[in-house]
Amino acid sequence: MRDDNCIFCKIAAGEVPSATLYEDDDFRVILDLNPASKGHALILPKEHYRNLYDLDDELAAKVLVLAKKEVNKLKDVLGCDGYNIVQNNEEVAGQSVFHFHMHMIPRYKDDNVGLGWKLGTLTDEDKEEILNKLK
C-alpha cells in the first residue's frame with residue numbers, strides 16, 4: 001500500500017532525492033534532513049503504515065534487525081559514543097510525519113540532544129489497575 005500524499009512514501013520509492021544509506025525490498029534508510037545530531041538517520045518502510053500500531057508484524061521484526069545492523073556500521077563511521085533508537089506514535093508522542101519511521105540518533109558526549117524525561121514512581125494502585133485490565 002502507498003499514500004500518494006505522503007512525503008515518506010515518495011522518499012522511500014526514490015521519487016524524492018535523499019541521502020540514502022541503505023536500501024532493500026522493504027526499507028530505505030536515509031539521513032534525516034533535520035538531524036538531532038551528526039549522522040541522525042531514518043528507517044522508512046517502502047509500504048505506507050501510519051505508525052507502529054498499523055505496521056505489519058513481519059516488518060516490525062525486520063526493522064529492529066535492520067536498526068541493529070545500521071547502528072553497528074554507523075557507530076564506527078561516525079565515532080559516536082552511543083545511540084538512541086526512537087520511534088514515535090501519534091502527535092502527542094512526537095510523531096510529525098504519519099508514515100512509520102524509526103530514528104537512529106548517534107549520541108556524542110555533551111551533545112545536548114534532549115531525549116530525557118522526568119522519572120516517576122510506579123504506585124501500587126497504578127500497577128494493580130494495569131495488571132487487572134490486562135487479564
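**Close-up views of a predicted model**

**Figure 1. The side chains of strand β3 point two ways.** Ala-41, Ile-43 and Pro-45 point one way from β3, while Leu-42 and Leu-44 point the other way, and all of them are buried. The model shown here and in the other figures is predicted. In a regular strand, side chains alternate between the two faces of the sheet. Strand β3 covers residues 41-45, and five of its five residues are buried, so the strand is largely enclosed by the rest of the structure.

**Figure 2. Strand β3 pairs with strand β2.** Strand β2 is made of residues 27-31. The pairing of β2 with β3 is antiparallel and runs over five bridges. Within this view, Leu-31 is found opposite Ala-41 of β3.

**Figure 3. Strand β3 also pairs with strand β5.** Residues 102-107 form β5, which is joined to β3 by three bridges. These two strands run antiparallel. Here Ala-41 stands opposite Met-104 in β5.

**Figure 4. Cysteines without a disulfide.** A search of the whole structure gives zero disulfides. Cys-6 is in no disulfide, and the nearest cysteine sulfur, which belongs to Cys-9, is 3.8 Å away. A disulfide needs two cysteine sulfur atoms within 2.5 Å. A disulfide is a covalent bond between the sulfur atoms of two cysteines. Cys-6 counts as buried because its relative accessibility is 6%. Cys-80 has a relative accessible area of 13%, so Cys-80 is buried too; the cut-off for buried is under 20%.

**Figure 5. The whole protein chain, for orientation.** The protein chain has three helices and five strands. Read from the N terminus, the elements follow the order α-β-β-β-α-β-β-α. Along its principal axes, the C-alpha trace spans about 50 × 40 × 25 Å. Of the 135 residues in the protein chain, 33% are buried. Among contacts with a separation of 6 or more, 54% are between residues 24 or more positions apart.

**Figure 6. Surface and charges of the protein chain.** The accessible surface comes to about 8900 Å², and carbon and sulfur atoms account for 53% of this area. There are 17 positive and 25 negative side chains in the protein chain. The centres of these two sets lie 5 Å apart.

How values were computed:
Residues numbered from 1 in each chain as written. Predicted model: local features only at pLDDT ≥ 70, side-chain atom pairs only at ≥ 80, totals over all residues. Heavy atoms only, no water. Buried < 20%, exposed > 50% of the residue type's maximum accessible area, 1.4 Å probe, protein only. Helix = DSSP H or I, 4+ residues; strand = E, 2+ residues; numbered from the N terminus. Pairing = 2+ DSSP bridges. Contact = heavy atoms within 4.5 Å. Areas by Shrake-Rupley, 256 points an atom, 1.4 Å probe, with all protein chains shown as cover. Lys, Arg positive; Asp, Glu negative; His and termini not counted. Charge placed at Lys NZ, Arg CZ, Asp CG, Glu CD.
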